[in-house]
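Notebook open, viewer loaded. I want to go through this one piece by piece and jot down what I find.

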Amino acid sequence: MPAPMRLANGLLTRAIRTAAIESAPTQRLLRNTSQCRAYTQAQRPRCEQSMRSMITSQNHFSTSAILEKQKTMGQLRQRNTTGPFSWKAALLFVLTGAGMMLYFRVEKARLERKRMTEMSKGVGKPKVGGPFVLKDLEGKEFTDEQLKGKYSFVYFGFTHCPDICPDELDKMAEIIEMVKDSTKDEKLFQPVFITCDPVRDTPEVLRDYLAEFHTGIVGLTGTYEQIKNVCKQYRVYFSTPKDVKPGEDYLVDHSIYFYLMDPDGDFVECIGRQDTPKSAASVILEHINDWKREGKPLKTE
Amino acid sequence: MGWLPWSSGDSSKTTASDGGRIAPDRTSRARCWEGRDLFFACLDKNDILDGIKEDGKARQKCAKEVAEFEEACSKSWVKYFKEKRVMEYNRDKTIERIQKEDADKVKELKSNGWVSK
């Protein structure tokens, strides 16, 4: 301890001691002090000690159990010089601080996500996504209602896509596996592939195509008008030629984002080319966990 | 020679029973990409960028690669990949140019006594 500090501490100790004597002005104590004066030099320490213990035993409002146990002068002096600051207190202080900081950071991130989600919910119609009627791989009708209650992960593409869609679908398969591993409940997450090319992509073509990536993906197709409508709902750029001759060879321009939709069918997040399967899966899991933490309903059958 | 390798000969293979058109599977996609990479490597070697504008030259210098590329991929894919090559080249050039301009600007500012934070 540096000298000025020690001096300050000494002064503080003295002040506390004086205050303690003055603040407990019982007659007995004063008598005790005057008695002390009568003692010889050699006896004084013992007298002082008995006096100290008397003070401490009377200061019920401020003493702790530890103080009462400290009987010798050495122990008392030690406590007086360090005051209430011990390594334990310092550790507690640092740990509490770190804990609070961590908590606030996590909460802040969660609230930020929540705010973003709420924003896209808006008052009326959601900005991205909405009602649709399409056909699944069995040729049966499939509507947006069937996606509610789960987090859905929607991708638009077409089977004759040269390179981007296959890459993205491989990524989708990895994401599906990661989410499945982490949630231990694959049913609350529903990947969906909607074709932008309904003329060529019939249920049978889609089924064979998607089977190469992941069997958990729901493939959807429909009439030209139905697909045009769903693309509009999801704000997907749609450029499929309407009247194609049989056997005609063409490509379709389309947006290349994954749309994460919450169990209410509202848009939550966009996953793009820049995301890795890992980053995408962690974003999705964050949203799923937020939803669960808020105790909102999820369909798991 | 059909423009789809999976269509050559047997036409029933291109059409699904419900009227859709069967898409290239993983194997044929891989074959197409391989053909593309070999063709582009040949273009690089002969200093050709645009396989559409310099079609004649490309066919002359890389006859074998062109044939294999067009055999393995559909026409629309061939066109798409050729266009993409030019687009990516220009994109990379632009990025390079911007980075160089940035670096020059920083150098100029630093010589005028500016300190970056």
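**Ground rules.** I am working with a predicted model, where local features need pLDDT of at least 70, side-chain atom pairs count only at pLDDT 80 or more, and totals for chains, interfaces and linings use all residues. Residues are numbered from 1 along each chain as its sequence is written, with chains lettered from A and ligands numbered from 1 in the order in which they are written.

**Core.** I looked up the largest nonpolar core and got 51 residues, with A:V154, A:F258 and A:L260 having the most contacts inside it. A core here is a set of buried Ala, Val, Leu, Ile, Met, Phe, Trp, Tyr and Cys residues joined through C-beta atoms within 7 Å. For burial I used 20 or more other C-beta atoms within 10 Å of a residue's own, with 12 or fewer for exposed and partly exposed in between, the C-beta atoms being placed from the backbone. In chain A, β3, α7 (164-183), β4, α8, α9, β6, β7 and α10 (277-293) each supply at least two residues of this core. α7(A) gives the most, six residues. Helices (H or I, at least four residues) and strands (E, at least two) are DSSP runs, numbered from the N terminus.

Leaving aside neighbours within four places in sequence, A:F258 is in contact with A:F153, A:V154, A:Y155, A:M172 and A:I271.

**Strand β6(A).** In β6 (residues 258-261) of chain A, A:F258 and A:L260 point one way, A:Y259 and A:M261 the other, and all are buried. Which strands pair with it (at least two DSSP bridges needed)? β3 (residues 151-157) of chain A runs antiparallel to β6(A) over four bridges, and β7 (residues 267-271) of chain A is also antiparallel to β6(A), with four bridges. I find A:M261 opposite A:S152 and opposite A:F267 in β7(A). The β6(A)-β7(A) hairpin has five residues between the strands, and A:G265 takes a positive phi near 85° there.

**Helix α9(A).** The buried residues of α9 (residues 224-233) of chain A are A:I227, A:V230 and A:C231. They fall within an arc of 100° seen down the axis, so they line one face of the helix; the arc is that of the directions from the helix axis to the C-beta atoms. A:E225 and A:K232 are exposed on the other side of α9(A). The cover over the buried residues includes β1 (133-135), β3 and β4 (189-195) of chain A. Just after α9(A), I noted A:R235 with a positive phi of about 55°.

**Chain B and the contact.** Chain B has four helices and zero strands. Of its 117 residues, 22% count as buried. Where the chains meet, I get 16 residues from chain A and 18 residues from chain B. Helix α8 (residues 203-211) of chain A gives the most to chain A's side, with five residues.

Conventions: Contact = placed C-beta atoms within 7 Å. Pairing = 2+ DSSP bridges.
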